[in-house]
Amino acid sequence: MFDHRLLSGCLTFCLLNVSFPNLPIIASPLKSSNSQIVAQATNKITEAAILKILEDLKMAQDNEDIAGMLKYIAPFANTEVTMETSNGRLTFNVLGTDEHRDLLQRGAEIRNTSKTLTETVEVNVAENGEFAVAEVYTTREYTTSQGTILTSSNDTLRFGMINNQPMIVSANLSGWLSVVASGSR
């Protein structure tokens, strides 16, 4: 049901780290962005709305529609990505629409194919309907020009009402990445 949209982008950084182990383990943001004011919520967030957004994001990723993926990310959204690799831990932050777009584009450029092996989604909506949290557990296989990569992650997506629409306002993507040795499949 749910695919890793942001994780696909972070693979760029992880693959660079795997390919070029002398790169620093901690990466800094691509560029700074200006924050925007959050609109007052007049509608309520529902579990069905969050599940629909996750489905829309999956369809956008399948179609390599970056604008479709960004449609549900608030302009001021902050995402912290932490990925364990054979070379250590890679942590970086992505802030705002431009940095999320750059991350997604870079991931799309290196990914040939991807396949979800397992996934579980849990959605919790506040009683007042003003915010929601989606916990997403996923194992995926990616093929790139460098080979096959296996990832597993536990992602936390936080939603708030922005201009009367549920949007991702912050996220923590945490997981591991491993290059699958050729001939081991």
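**View 1. Confidence along the chain.** This model is predicted, and its mean pLDDT is 78. Of the residues in the chain, 75% reach 70 or more. Residues 1–42 have a pLDDT below 50. Beyond near neighbours in sequence, this stretch has 118 contacts in the model.

**View 2. Helix H2, residues 47–62.** H2 has 16 residues. From first C-alpha to last, the helix reaches 23 Å. That is close to the 22 Å expected at 1.5 Å a residue. After H2 comes Glu-64, with a positive phi near 50 degrees.

**View 3. The two faces of H2.** Look for the buried residues Ile-50, Ile-53, Leu-54, Asp-56, Leu-57, Ala-60 and Gln-61. Ala-48 and Met-59 are exposed. Both sit on the face turned away from the buried side of H2.

**View 4. The largest nonpolar core.** This core has 32 residues. Ile-50, Leu-57, Leu-157, Phe-159 and Ile-168 have the most contacts inside it. At least two core residues come from each of H2, helix H3 (66–70) and helix H4 (96–110). Strands E1 (73–85), E2 (88–95), E4 (131–144), E5 (147–162) and E6 (165–180) also supply at least two each.

**View 5. Around Ile-50.** Ile-50 is a buried residue of H2. Set aside its neighbours within four places in sequence, and Ile-50 is in contact with Ile-45, Val-123, Ala-132, Ala-134, Phe-159 and Pro-166. Phe-159, like Ile-50, is among the core residues with the most contacts inside the core.

Note on methods: Residues numbered from 1 in each chain as written. Predicted model: local features only at pLDDT ≥ 70, side-chain atom pairs only at ≥ 80, totals over all residues. Heavy atoms only, no water. pLDDT = per-residue confidence, 0-100. Contact = heavy atoms within 4.5 Å. Helix = DSSP H or I, 4+ residues; strand = E, 2+ residues; numbered from the N terminus. Expected span 1.5 Å × (residues − 1). Buried < 20%, exposed > 50% of the residue type's maximum accessible area, 1.4 Å probe, protein only. Core = buried A, V, L, I, M, F, W, Y, C linked by side-chain atoms within 4.5 Å.
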